[in-house]
Amino acid sequence: MLKMQRIFHPLRTLRRIFPLLWASSRKWTLLSTILLVLEIGFGLAVLYLLKQMVDVVTELLGEEAASQDFVSVIGYVALTGAATLAFMTSRALANLAREAQSLLVADHIDRQIHERAVRADLAFYESPRYFDTLERAREAGNQRPAQVVVNVMMLIKNCVMLTAIVVLILSINWLVLPVLMIAIVPALLVRLHFTRQLYDWQRHRTQMERRASYLDWLMTSDLHAKELRLLQLGDFLREQYSELRGRIRRERMHITQRRTRVEVLVGSVATIAFFGALAFLAWQTAEGHNSIGDLVLFLLIFQRAQTMGQELVQQLSKLYEDHLYMGLLFEFMDIRPEIAEPVNPVTVSEPPQEGIHFEQVSFCYPGTKAPVLSQIDLTIRPGQIVALVGANGSGKTSLIKLLCRLYDPTAGRITLDGVDIRDYSLEDYRRLFSVIFQDYSHYAASVSENIRFGDILQPVGTPSIKTAAIKAGADPFIEGLSAGYDTLLTRMFDDGQEISLGQWQKVALARAFMRQSSVIILDEPTSALDPGAEFELFENFRERINHRAALVISHRLSTVRMADYIYVLDQGMIRESGSHDELIRHGGIYCRLFTQQAHHYREVRDREVRA
Ligand SMILES: Nc1ncnc2c1ncn2[C@@H]1O[C@H](COP(=O)(O)OP(=O)(O)OP(=O)(O)O)[C@@H](O)[C@H]1O
């Protein structure tokens, strides 16, 4: 009982599919339904005419043949032929309509997946659950909903046709019917059982599949090609990959082998049942309980009944499978971002008047217990350049994520002009910032586009692109590229070109300078820049950013020096804060780090002067 419940419980999913289809392709849904009705109508007509024809021929066998009886036989043959032709035409057209519908629905599903993916919380991307759910949704496939419709329609068609055949069989001999049931029902149950088994197994092996895809990507992507060769990791990875794929294959084969064994058994029972029915009917005919015509009719529809019975079983199990996989797709679609628009958002006033304040902010990443930030009090005033300093893992990037509202604090609050940032419209609030993260994106697009992505609302070819590139110190090298600002930055496509890491960083900086946002955030903006480029960038940084506020993270304290105010983070807490001079006077962590770096440079310089 429980097993049956498990099999049939999630049929609710199917209810959600039809509105989806209607929303994506009204015209084709309507058309394919009409054509299906025609297909069923003509199919039934063929069966009816077949029976009529057999009846007339049977009568003819018993009587003296009259010429008008032959004419009526010929008439039935012609009509049956015409109905068969109409049946085939409507079936072909229905297939065409269903194909068109499938394509539209697939595009609709893709759009929905992309919409959910771009709106999902960042937390979702940073957890394995996201990848599992996305992988499963993708596995469910964008073709599934349309397949469901096709299946439901075919199922309706086969049910109607099979009912008609059952009625015909009943008219021949009702005892044949239970035998037909023996042929269909066990096969159906077996199929449903194994569909569920396969689904459960596929759900459980999602991570294994993802791990295999990851290894495949490691071996084939250009990103890892250098290290892979020099560290000679190729064979090791290949072995790991084959082992994983082997495990997946063995598990799958185990289920398939068991299914085949049971299916052969059930199929044999079905075949014996069909032929048993035929033998029974032959015997009944010989005994005179049935006419020769009945036997002929049974033979005519026997094949059809057998095929339809098999199709029905297949469609039901397919429908069940579709429903299970659609559940995975809906699981992904049901993800709602937690960081969402407030019901009555406060309007962001630009430029900010008082600035941004962190008030006793603490934060743990979702699913973890250890705080990565504790009781942070921090202020960024309009026009102020603030620097964040701290060892690796001290929480600098996490703080930026909170500032941009990619996460919400676990405790405390962040305010903009005295209002909790959770009360502002998310989009408006995020537009206050231009950010370049450490792991900024390398878009496989032209230089121009790579920069314009910083403010996508600006028109194509806007002069602001060049201005931003000049500010980032990127303009000279861009002008030297084969197609200047139109150069495609990738080796993935024809006519593309790759640039150095430092040059990529300059392009990313230009992207950050593109938008006239109130606050500019730079997380390690100069890690790949040569000292000259770095010096140039920060020499007149305030003018470069048009006197806007900035939050800069850097391990190079010579860069940090120019900030108006510096916060020193250590293990998620602010240990010191003040201007460069104040912190040096204070003689704490910052002073120690700065002296170490300065000492190092001085030593190198002295050594070089002596040499
Ligand atoms: N998505 C995440 N989920 C859970 N923990 C995370 C996540 N991202 C970072 N952390 C943890 O948070 C802590 C702070 O990381 P964060 O990236 O903020 O440090 P950081 O100061 O920017 O370091 P670095 O100087 O190396 O860039 C680290 O201990 C890190 O392991």
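Two residues are taken to be in contact if their C-beta atoms, placed from the backbone, lie within 7 Å. By that criterion, Ala 510 touches Ile 451, Ala 468, Ala 469, Ala 472 and Ala 474, leaving out residues up to four places away in sequence. The model is predicted. The protein is divided into domain 1 (14-333), domain 2 (350-432 + 517-611) and domain 3 (440-515).

**Domains 2 and 3**

- Between the C-alpha centres of domain 2 and domain 3 the distance is 26 Å.
- Contacts between these domains involve 11 residues of domain 2 and eight residues of domain 3.
- On the side of domain 2 that touches domain 3, β7 (519-523) and α19 (531-539) are the elements that give two or more residues.
- Of these, α19 supplies the largest share of that side, with three residues.
- By class, the side of domain 2 that touches domain 3 consists of seven nonpolar, one polar and three charged residues.

**Nonpolar cores**

- The largest nonpolar core has 63 residues, of which Ala 510, Val 519, Ala 550 and Ile 566 touch the most other members.
- Helix α18 (residues 501-514) contributes the largest share of this core, seven residues.
- At least three residues of this core come from each of domain 2 (350-432 + 517-611) and domain 3 (440-515).
- Apart from this core lies another core, of 58 residues, with Val 46, Met 153, Leu 295 and Val 313 among them.

- Ile 451 belongs to helix α15 (residues 447-452).
- Ile 451 counts as buried because 31 other C-beta atoms lie within 10 Å, where the cut-off for a buried residue is 20 or more.
- Not counting residues up to four places away in sequence, Ile 451 touches Ile 465, Ala 468, Ala 469, Val 507, Ala 510, Arg 511 and Met 514.
- From Ile 451 to Arg 245, 206 residues apart in sequence, the C-alpha to C-alpha distance is 42 Å.

**Ligand shell**

- The ligand has 13 residues around it, and Tyr 365, Asn 392, Lys 396, Thr 397 and Ser 398 come nearest.
- Helix α13 (residues 396-403) gives the most to this shell, with three residues.
- By class, the shell has two nonpolar, nine polar and two charged residues.

**UniProt annotations**

- An unreviewed UniProt entry lists residues 356-596 as "domain: ABC transporter".
- In the model, residues 356-596 are 32% helix and 23% strand, and the end C-alpha atoms of the span lie 32 Å apart.
- For "transmembrane region", the unreviewed UniProt entry lists residues 28-50, 70-88, 148-169, 175-194 and 262-283.
- Residues 70-88 are 100% helix and 0% strand, with end C-alpha atoms 27 Å apart.
- Residues 175-194 are 95% helix and 0% strand, with end C-alpha atoms 31 Å apart.

**Glu 39**

- Glu 39 is part of helix α3 (residues 26-62).
- Glu 39 is classed as buried because it has 25 C-beta neighbours inside 10 Å.
- Beyond its neighbours within four places in sequence, Glu 39 is in contact with Phe 87, Ser 90, Arg 91, Ala 94 and Lys 157.
- Glu 39 and Asp 235 are 196 residues apart along the chain, and their C-alpha atoms are separated by 57 Å.

**Positive phi values**

- Most residues other than glycine have a negative phi.
- Arg 405 has a positive phi, near 60 degrees, and is a residue other than glycine.
- Arg 405 sits in the loop between α13 and β4 (411-416).
- With 19 other C-beta atoms within 10 Å, Arg 405 is partly exposed, since a buried residue needs 20 or more.
- Asn 546, also not a glycine, has a positive phi of about 55 degrees.
- The loop between α20 (541-544) and β8 (549-553) holds Asn 546.
- Asn 546 counts as exposed because it has 11 C-beta neighbours inside 10 Å, and the limit for an exposed residue is 12 or fewer.

Terms used. Residues numbered from 1 in each chain as written. Predicted model: local features only at pLDDT ≥ 70, side-chain atom pairs only at ≥ 80, totals over all residues. Near = placed C-beta within 6 Å. Helix = DSSP H or I, 4+ residues; strand = E, 2+ residues; numbered from the N terminus. Nonpolar A, V, L, I, M, F, W, Y, C, P; charged D, E, K, R; others polar. Domains from an automatic or database assignment. UniProt positions renumbered as here; feature names shortened; annotations may be inferred. Core = buried A, V, L, I, M, F, W, Y, C linked by C-beta atoms within 7 Å.
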